[in-house]
Amino acid sequence: MIVLYSKIYTIAKGHAQRAGVNAMTSSNRASSVTSSQTTSFGRELKIAKMLGIVVLCFVICWLPFEIINVVILIDEGVETCAVELADTVSCWLAYLHSSLNPLLYAFTGSEFRRAFRKLLCKREWRTGIAFSGGGIRSAAFCSGVLRYVLQHEIVLDYLSCVSGGGFTGASYLDWKYHHNQQDNPEWHQEFFDHLRKRSGFFCSWRNPFLGIIDSLMLVILCVVVAVIFPAFTTLAFALPTAFSVDYIFGDILRAGFHCPNDSAPKNATESEGCLFVQGHDQTFTLFGVVWATCVGFYVLRFLFPPRHFSIRNKLKVFYVSAGCTLLMTFLPWFFEVFLRVHTSVYVNGFLLLGSIALWLGFPPLRNTASLALLIYAYAYVTKWRVYKSPVLHISYSDNLFYKALLGSAILLWMTPFLGLFNMGAVQTYNRWRLQKAFFSPQSTGCLGCSGISFHDIIPFCSCADTPEWERLDKGFVTMGDLADMKPEYICNTVVNNWQKEAGGVGSKSFELLILSPTGIERLDENPEDNSFAGKIQPRDLPLSDVMATSAAVLALYMGVFDVRAETVRNLQMVLGVHGGKSLISDPSRDVAGSTIACCRFLPVIIQLFIVVPVILPPFLTNDWHAILVVWYLTIVVLAMVTAALPTAPENSGCADKFVRWCTVNIYHVRFARLLLRTVDLGPVPPPLLNLSDGGHIEQLGLLALLKKRLKKIVVVDGTSVGVGQSASAQLLWSLDLARKRLRCSFSAMDGRDIVEDLRSKLEEMPDNCKPRFYKFRVDYYEKNVDGLSDEKVGEGEILLILPRHPDVGITNSTESLRSWTDCIRHTHQPINSKLWGPGPDLEAGEVDRLTGCCCECCHVTYYNSCCGILCGFFPYHKTLNQFFTPAMFSAYHREGYRACLDADIGQFLTEETGGKK
């Protein structure tokens, strides 16, 4: 045994010495020694010391026993008390060595120490890892980190994901759930190969036939969502509006005109429709009164301070209604008077083409141009009814108008179905593509649409109540199914139009909403508050839906980017070309039929009641038209007033319950709330949670982990870095939010200011020396009981991991590149080098040829130099179109694994806070 241990010690010591010589030689050739080389040298030295201690203890424990046994064998007559005592002591000393071995290995080797701590002790801290946003690019980079974590059997408590990082995190947990909730190298390899193969989830050109089918589906979706359905839903109100304007203001607007039914004056020329003879004071009086009313309500709205936004919303309804009345009366009159038949073709063509040119060429004016086109169409329909003049060469007749009005009634009744489908089509399609591409076959089904139904779009189309729903033998995974799994999945989304407390002008109506298997909470909410108790629960949220919601970049509301999106919001609402999720916060009470089964189709009946005044005019005399117009306008006003009322007070009454029910079940109220941007105020979740991408507040997924006061956090930054932007910009933004909202303080490991330390160690390092990781400290504070000062309640460490180009990041020594065999443990299956390359180390030539394209044949260095301006370069390819190829996925995957090797995250997550390697 002594010879064997001595031989092992000699070999280990020699290996450590050679590693030290290589490191010193490398340092003489380069300006600095890489952190991975230093770590490797230190690890070899630790192993040599550990074996030396083990050999020494073995000699001390066993040498006396062997000596005494030899003495007794040589001289069998020696049986003195001293010899017997020495024999007993040496025997027990030898026995003691067997119990010392585990302690020796535990105290001298970090790997053994972690194993013993895992078996014997409950860990004193919790750890978490955050996968950032960044589309499929971030998913590929995070997948490399995940492979490293799984291969090294690193135990994590939390996995926080945003947007693209959720592609990898959610799909991993889905696969794990369907494999008995246990990790296994066999299905791990299948999982990563599956991710790589399906990386082009929107449009995969691995098979040209499938690529054509996917492209056609995208084109058809865009045409249906952006053209067909919006035309039906928006123009359905045009004829009823024209009928109402004609009945109320028609006589005033036609004053001064000669219409076909009247006796023609002698100086009037023959023409189709009404002819302008002279101006009339009644018409101008109408315009003045309506204009003054609109301006009066607009000014009156600003007399109330921002905290009275409920009153401001009601006044907004009135000035918007007055403004629409002004437009629907003045514009038809203006078109009829000034755009006569001989000039209307040219002028109308100029206005139409000018609006389209503004929409296409000037993005800041798209909001105005799209609204102008809509008002333009409504005004001409009203002109067609009021003045009976031709529009688009269509001559007016009462018979034709009433037939068109019946068609509008049918469209008006179908509007909720078409509108809700239009609002959820992009989100549902995105969810289907992601689920089909990345989730396990057990969760997706044959067509990849397992768990997707009409209930996701139209609430009252469900055929199962909640108790039955829980008993269904479903194949897909919900958030509640992950409750007993490690790591605990955290999905970061943004909830919009909800304030817990009234604020001033600078107050925000959005907040980070954290979805996990254990509950749902806002970032600014205390854990004991639990505002979602008795409402929607994790078991009600399919995992794929949560993942897609967190990746809803083009949502209607965009958190901190909401001001930039203001120019296209109205266009998005009309066309429906937006993602995001409108989640019902209390489906057991707010959805029709949830409490009384017979009321399930009550929204359909209400919709019939809404369209009755549009159906009846052709069948009734003019005496009844007044009742129908009042009926129609009353419905419109009620919908607008209901939409303007905020919900979410702590003590809700009957009025609040009525508003909540109408918001969930009546489409027109829901759409009006979006137009009015009604903000709900109070601790109770609003009836509809307007969710969007978590990156609209914070893209790293760090805040959710900081709120849990974790000791060790790894942040995987796969976000994009723009021109002139620093690599640490997203981190600094997240840290600033954590200071303001979570009372966290950050500093470098040596106590230096973190901003200066980042600039020095991460940004200003020369090429070939820029690190792939950065470690710093966090201190957690909370308000004292007196509320006058903060008290430190904990501390931790954070490790940032980010990608680098091979020519920019720290490189290895001049030795050969590492292979997968050098990096993985012998207990794991080998990695296929044909798919994943020879090893984690990338060369510049491998990544410089990659382009942001959906086809492998595009990966040519010359082509990349041409399209790099549009698609970006490694490691920051633009993924707005989400086009990605397996080759690109492999490159980012390898870079993620390489960064973990450099950072040694296994050592980081298991060492004591503040400990040294």
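This report walks through confidence, nonpolar cores and aromatic contacts in the structure above.

## About the model

This is a predicted model, in which local features need pLDDT of at least 70 and side-chain atom pairs count only at pLDDT 80 or more, while totals for chains, interfaces and linings use all residues. Residues are numbered from 1 along each chain as its sequence is written, and side-chain values use heavy atoms, with hydrogens and water left out.

## Confidence

Let's start with pLDDT, the predictor's confidence in each residue, from 0 to 100. The chain has a mean pLDDT of 78, and 75% of its residues reach 70 or more. Helices (H or I, at least four residues) and strands (E, at least two) are DSSP runs, numbered from the N terminus.

Two stretches deserve a look. Over residues 262-271 pLDDT stays under 50, and the model has five contacts (heavy atoms within 4.5 Å) beyond four places in sequence for them. Residues 563-576 also stay under 50, with 37 contacts beyond four places in sequence.

## Nonpolar cores

A nonpolar core is a set of buried Ala, Val, Leu, Ile, Met, Phe, Trp, Tyr and Cys residues joined through side-chain atoms within 4.5 Å. Buried means under 20% relative accessible area, exposed over 50%, and partly exposed in between (1.4 Å probe, protein chains only).

The largest core has 86 residues, and I129, F131, F167, F438, Y489 and I905 have the most contacts inside it. Leaving out residues up to four places away in sequence, F131 touches residues including C142, L146, L159, V162, L700 and V716. Another core, apart from this one, has 38 residues, among them A130, A748, Y774 and L802.

## Aromatic pairs

Rings of Phe, Tyr and Trp (its six-membered ring) pair if their centres lie within 6.5 Å; planes under 30 degrees apart count as stacked, over 60 as edge-to-face and the rest as tilted. The count comes to 37 aromatic pairs. One of them, F287 with W333, is edge-to-face, at 5.4 Å centre to centre and 65 degrees between the planes. This pair links helix α10 (residues 281-301), which holds F287, to helix α11 (residues 309-338), which holds W333, across 46 residues. Both F287 and W333 are buried, and both belong to an aromatic cluster that also includes F284, F330 and Y376.

## Charges over rings

A charge sits over a ring if NZ of Lys or CZ of Arg is within 6 Å of the ring centre and within 35 degrees of the ring normal. R147 lies over the face of W836, 4.9 Å from the ring centre. Likewise, the charged end of K712 sits over the ring of F908, 4.6 Å from its centre.
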